[in-house]
Structures are given as C-alpha cells and as structure tokens.
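Have a look at the picture before reading on.

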Amino acid sequence: MKEFFERLYGLKQPDPKLVAMREFACENGVPIMLADTENLLRTIVGIKKPKRILEIGTAIGYSGSVMLQTCPEAKLFTVEMDERMIDLATENFLNNGVFDRVTFFKGDAREIVHKMTGEFDFVFLDGPKGQYFDFLHYIKNMLVKGGVLMSDNVLFHGYVENLPSKKDRAFGMAYNMNKFLDSLFSDEAFESVVLEIGDGVSLSVKK
Ligand SMILES: C[S@@+](CC[C@H](N)C(=O)[O-])C[C@H]1O[C@@H](n2cnc3c(N)ncnc32)[C@H](O)[C@@H]1O
C-alpha cells in the first residue's frame, strides 16, 4: 500500500521551491509535515478556502506557504518561538511571494495563545506536542462556527495509542495528547475524526 501511495502521489508536479524547502528541512533535521499530511492539508484548505488562518508552529514556513499558495485570499497568523526558524520562514515566505499575507507572533505559544484574540476559520496546530490540550480551549474560542481545526502528530509514532513507560521521555507528551483527543471527542461543539495519515492527523469542525 505504501508503494502504491508513493507512486500515486509521485505523479503530482511538485513546486521546485517547496521541493528545495523540504530538502533543506530533511538535511537540517527540521520536522516539517510529512508529504501525506501535506496532501491532506492542501485538499482541506482547498475545500474550505479559509480567509484567516492561525498556525501554531511555523518552522521554516513550509506548511504556511502551502496554505497561502492554495488559498490566495487567505491571511496567515503564525506562532513560532525559535528565532532561527523565524528568519528562515521570513526568507521562504518572501521567496514564495506570500510574505505580505503573513503576521508572525514571535515567542512561546504557551505565553501567546491564551492572550490571542481574533477570529479564525482554519487553525493548523503543529507546535509543541505536549501543549495541544492546553491550547484547545483558546483555539475553540477563536474558531468561528464552521471553522476547522487540523492538528498534526496526534498519534505520535504510536505512543499515543500505546503509552510508553512513565520513565520514557515521550510519556508526558503522549499522555497530554490523549487528554487533547479525549477533550476534542467529548466536546459537543466539535465534530472530529482522527486519520492515520502521516503521523496521525485530527480534523475537527466547530458546529
Ligand atoms: C513540527 S514543527 C512545525 C512544522 C511546520 N508547521 C510545517 O509543517 O512546515 C514545530 C515548530 O513549533 C515550534 N515550537 C515548539 N514549541 C513551541 C512553543 N512553545 N512556542 C512556539 N513555537 C514552538 C518549533 O520551534 C518548530 O519550529
């Protein structure tokens, strides 16, 4: 099946600038979204056509560029704490011709998200994996009705289904990710699904 999908998705004509960004990320150990997740993101924002996107976790601006290229009318508000990433993302947004639609929130999302105001019709949650649960309440308040929350890495290498031992570094993150998913699925304000795509993606629409 993996080979089948690789062949199928390999038929797409990739944007050379995005290919170069993916190569850079790979060579420099920057964890950008996986190719399958990118296909899903392109499709979802292509259907949804959001105007105001909140992203937590900019990295080098790969997912941000994908969303802005797919949605020419969208504005991106993106949170990142790593100065080097912010510099690289700035360069890449400029190079991809989307910089004028980007607003950075520079700093720790744990300090920023709960102070944020504004309305968003799409949220891409891809920042600190142990904090999704803490962010959910604030994201829910900022999402408009019909707004979509897409959260990446919700299965995190299988650790979320099969919790590692408490001594394992991944335990806290996996435990908190379970809290996030439990909260999402028990919240009547959301219709949600988890997809086994990439490292696991949850999609939620605010009713
Ligand atoms: C998985 S990467 C984002 C990848 C990007 N969304 C993409 O697919 O192109 C996660 C990013 O979140 C940033 N990050 C981690 N913890 C953070 C925090 N507490 N506040 C802000 N940014 C954070 C990291 O520096 C990293 O660049």
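Here is a short briefing, sorted by topic. Keep in mind that this is a predicted model.

- In soluble globular proteins, nonpolar side chains tend to be buried together.
- Here, the largest nonpolar core has 34 residues, and L41, I60, Y62, M67, F122 and M150 have the most contacts inside it.
- Several helices and strands each give at least two residues to this core, among them α2 (16–27), α3 (35–48), β4 (120–125) and β5 (143–152).
- Helix α5 supplies the largest share of this core, with five residues.
- Apart from this core lies another one of 29 residues, including L125, M142, V154 and F180.
- Leaving out residues up to four places away in sequence, I60 touches M21, F24, A25, V30, I32, M85, L88, A89 and N92.

**Strand β5 and its partners**
- Strand β5 is mostly covered, with seven of its 10 residues buried.
- On one side of the story, β5 pairs with β4 in the parallel sense over five bridges, and F122 has V148 in β5 as its bridge partner.
- Strand β5 also pairs with β7, this time in the antiparallel sense over five bridges, and D152 stands opposite V201 in β7.
- Together, β4, helix α7 (residues 132–142) and β5 make a right-handed β-α-β unit.

**The cysteines**
- C71 counts as buried because its relative accessibility is 4%, under the 20% cut-off.
- C26 counts as exposed because its relative accessibility is 65%, over the 50% cut-off.
- The disulfide count comes to zero.

How values were computed. Residues are numbered from 1 along each chain as its sequence is written. This is a predicted model: local features need pLDDT of at least 70, side-chain atom pairs count only at pLDDT 80 or more; totals for chains, interfaces and linings use all residues. Side-chain values use heavy atoms; hydrogens and water are left out. A nonpolar core is a set of buried Ala, Val, Leu, Ile, Met, Phe, Trp, Tyr and Cys residues joined through side-chain atoms within 4.5 Å. Buried means under 20% relative accessible area, exposed over 50%, partly exposed in between (1.4 Å probe, protein chains only). Helices (H or I, at least four residues) and strands (E, at least two) are DSSP runs, numbered from the N terminus. Contact means heavy atoms within 4.5 Å. A disulfide is a pair of cysteine sulfur atoms within 2.5 Å. Two strands pair if DSSP finds at least two bridges between them. A crossover is right-handed if, with the strands pointing away from the viewer, the path from the first strand over the helix to the second runs clockwise.
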